[in-house]
Amino acid sequence: MNIRSWLALSTLGLTLSAPLVLAQPRSSHVDATSYLSSQPEYLAWLELRSNLKDNFDDICGDTFCEGEYSNIQSLRFQCSVNSGTGVIGQCVWVFAASNEELNPSTGEISVQTQTWTCQSPLASGTTMASLLTALSGTSPLYATLPGTSTTIYDGLVDCL
């Protein structure tokens, strides 16, 4: 029963046997950029994303970028954050690559594309603040994730 119905009944002198329950606001998730509330946090987030991309570019040729898809590119690292609690819902890193084959007799190029969405192996309850702290510095790809013994690199090994 909503509050309007309860008020209508109470003006008639009727009472309710069930207690009135007010609706609780739903928690919602936003992207990390929208969640961050200070310039230092925002700058830390931008630095984290930039350093992850640089770390990946540094190792790509010797690890993930061998074989059929030798040009894997980092597109974006993104996290969802509960706007009320700061707890991360999920972080994913999206990659794309292509493989081109040239037909020498026709000059035609056939292209095969591939994308990957790699979920970061975060511990349940990880907050955005703890993630920014743990992954600060120039090598976030290899930093231990809060509450785990794993790294974002470990998650890429399982994904790429």
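**Close-up 1. A left-handed disulfide links C118 and C159**. The torsion about the S-S bond of C118 and C159 is about -80 degrees, so this disulfide is left-handed. C118 lies in strand β4 (residues 109-119) and C159 in helix α5 (residues 152-159), so the pair ties together parts that are 41 residues apart in sequence. Please keep in mind, here and in the views that follow, that this is a predicted model. The sulfur atoms of C118 and C159 sit 2.1 Å apart.

Close-up 2. T151 has a relative accessibility of 10% and counts as buried, because the cut-off for buried is under 20% relative accessible area.

**Close-up 3. A right-handed disulfide joins C79 to C91**. In this view, the sulfur atoms of C79 and C91 are bonded, with an S to S distance of 1.9 Å. C79 lies in strand β2 and C91 in strand β3, so the pair ties together parts that are 12 residues apart in sequence. Is this disulfide left-handed or right-handed? The torsion about the S-S bond of C79 and C91 is about 105 degrees, so the disulfide is right-handed. C79 is buried, with 2% relative accessible area, and C91 is buried too, with 1%.

**Close-up 4. Strand β2 pairs with β1 and with β3**. Let us now follow the strands around β2. Strand β1 (residues 29-31) is joined to strand β2 (residues 73-82) by 3 bridges, and the two run antiparallel. One place to look is H29, whose bridge partner in β2 is N82. How many bridges join β2 to strand β3 (residues 88-102)? There are 8, and this pair of strands also runs antiparallel. V81 has I88 as its bridge partner in β3. Between β2 and β3, the hairpin has 5 residues, and in this hairpin G86 takes a positive phi near 80 degrees.

**Close-up 5. C60 and C65 form a buried disulfide**. The S to S distance between C60 and C65 is 1.4 Å. Are these two cysteines buried or exposed? Both C60 and C65 are buried. Stepping back to the whole chain, the structure holds 3 disulfides. With bonded cysteines counted along the chain, the disulfides follow the pattern 1-2, 3-4, 5-6.

**Close-up 6. Y42, L43 and L46 make a nonpolar surface patch**. What area does the patch made by Y42, L43 and L46 cover? The nonpolar surface patch takes up about 250 Å². For one of its residues, L46, the place in the fold is helix α3 (residues 39-60). L46 is partly exposed, with a relative accessible area of 35%.

Technical notes
Residues numbered from 1 in each chain as written. Predicted model: local features only at pLDDT ≥ 70, side-chain atom pairs only at ≥ 80, totals over all residues. Heavy atoms only, no water. Patch = residues over 30% accessible without salt bridge, like charges linked within 9 Å, V, L, I, M, F, W, Y side chains within 5 Å. Areas by Shrake-Rupley, 256 points an atom, 1.4 Å probe, with all protein chains shown as cover. Salt bridge = Lys/Arg side-chain N within 4 Å of Asp/Glu carboxyl O. Helix = DSSP H or I, 4+ residues; strand = E, 2+ residues; numbered from the N terminus. Buried < 20%, exposed > 50% of the residue type's maximum accessible area, 1.4 Å probe, protein only. Pairing = 2+ DSSP bridges. Disulfide = S-S within 2.5 Å.
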